[in-house]
Amino acid sequence: NDSSVHSMYSYKEGQLIMCGCQNGLIKTFDFRKFDQEAVQCFDNCGSNKPISCLSVSANPNSRDDEGRYLAVNSYDDVLYIYDRGSFVDEEKSPTANIPKLFHSLRGHQNRNWPIRSSFYHGRNYSPASLRQPSAENERQREISQSEQKMDVSASLLVATGSSDSNAYVFDIGKREGEAELRQVLSGHKDRVFCVNFHPNDPILATSSSDFTIKIWTTKLKISSQFQ
């Protein structure tokens, strides 16, 4: 590799490793090969800014299979969400296609700090409706989104730390570019470096340089507001 690596993700099948680099590149290596050439390489939306975290969503149908979404924390104060769905849906090679940018999330502060992110993939969330034409079943889609706001198990969320002492929770279970900030979690007194969702339940842990770890959960089982 020609740049320092700030974050890594190991694929479920145990043969590939993805690296987030200082120069803003995301590279995937097959460590069965000894030529050290990346089998996939793409730039993080041309930001050329250091990447502080790579986070991949869980696959609710099988813990042994790859998740569909990739979150990339960057020093440009943007959290990039990529859709890796092509190989997940069509059983292609994990490096067959470059992931597609799905959302660009702003509001948190990531610049110059090793901020991390984490996914919550509700057991009842399905991306199937996102593939429908925008004019088709619009009423049903609006009803579905309204229900998702009440039922966290039907939501796809991503949380990120921030250098402003808060954690941010975004709802990304919408069509491309329609993500929204769901909640700002205040309570820490210093930078929030790490966040981590429970693998099954809507429980979020946040850790800060104020020497504390806070545990957040929803007020009600049907709510998606954390406290």
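1. Let's start with the lining of the largest pocket: its residues split into 11 nonpolar, nine polar and four charged. Keep in mind as you read that this is a predicted model, so every value here is computed from it.

2. How much space lies in the largest pocket? About 450 Å³. There are 24 lining residues, and those closest to the pocket's centre are S55, V56, S118, F119 and N196.

3. Strand 5 (51-56), strand 9 (117-121) and strand 13 (192-197) each put at least two residues into the lining.

4. Now step back to the whole chain. You'll find two helices and 15 strands in it. The chain has 227 residues, and 48% of them count as buried. Its accessible surface comes to about 11,200 Å², with 48% of that belonging to carbon and sulfur atoms.

5. Take the contacts in the chain with a separation of 6 or more: 54% of them come from residues 24 or more positions apart.

6. C53 sits in strand 5, one of the strands that supply the pocket lining. Is C53 buried or exposed? Its relative accessible area is 1%, and buried means under 20%, so C53 is buried. Setting aside residues up to four places away in sequence, C53 touches S7, A71, V72, N73, I115, R116 and S117. V5 is 48 residues away from C53 along the chain, with 10.0 Å between their C-alpha atoms.

7. T28 is another one to find, this time in strand 3 (residues 25-30). Its relative accessible area is 0%, so T28 counts as buried. The C-alpha atoms of T28 and V39 are 5.8 Å apart, and the two residues are separated by 11 positions along the chain.

8. H188 is in the loop between strand 12 (180-185) and strand 13, and it counts as buried at 8% relative accessibility. What do the side chains of H188 and T206 share? A polar contact of 2.7 Å. The H188 side chain also makes a polar contact with the side chain of D210, at 3.2 Å.

9. Staying with H188, look at what surrounds it. Leaving out neighbours within four places in sequence, H188 is in contact with S165, T206, S207, S208, D210, T212 and K214.

10. Finally, where is N166? In the loop between strand 10 (156-160) and strand 11 (167-171). N166 has 15% relative accessibility, and the cut-off for buried is under 20%, which means N166 counts as buried. Its side chain makes a polar contact of 3.1 Å with the side chain of S186. Apart from neighbours within four places in sequence, N166 is in contact with G161, V184, L185, S186 and V192.

Methods: Residues are numbered from 1 along each chain as its sequence is written. This is a predicted model: local features need pLDDT of at least 70, side-chain atom pairs count only at pLDDT 80 or more; totals for chains, interfaces and linings use all residues. Side-chain values use heavy atoms; hydrogens and water are left out. Helices (H or I, at least four residues) and strands (E, at least two) are DSSP runs, numbered from the N terminus. Buried means under 20% relative accessible area, exposed over 50%, partly exposed in between (1.4 Å probe, protein chains only). A polar contact is a pair of N or O atoms within 3.5 Å; within protein, one must be able to donate a hydrogen and the other to accept it, and residues adjacent in sequence count only if both atoms are side-chain atoms. Contact means heavy atoms within 4.5 Å. On a 1 Å grid over the protein atoms alone, a cavity is a set of points where a 1.4 Å probe fits but cannot get out, and a pocket is an open set with protein on both sides within 12 Å along at least five of seven lines; lining residues have an atom within 4 Å of a point. Grid points are joined across faces, edges and corners, and a volume is the space filled by probe spheres set on the points. Ala, Val, Leu, Ile, Met, Phe, Trp, Tyr, Cys and Pro count as nonpolar, Asp, Glu, Lys and Arg as charged, and the others, Gly among them, as polar. Accessible areas come from the Shrake-Rupley method with a 1.4 Å probe; for residues, only the protein chains shown count as cover.
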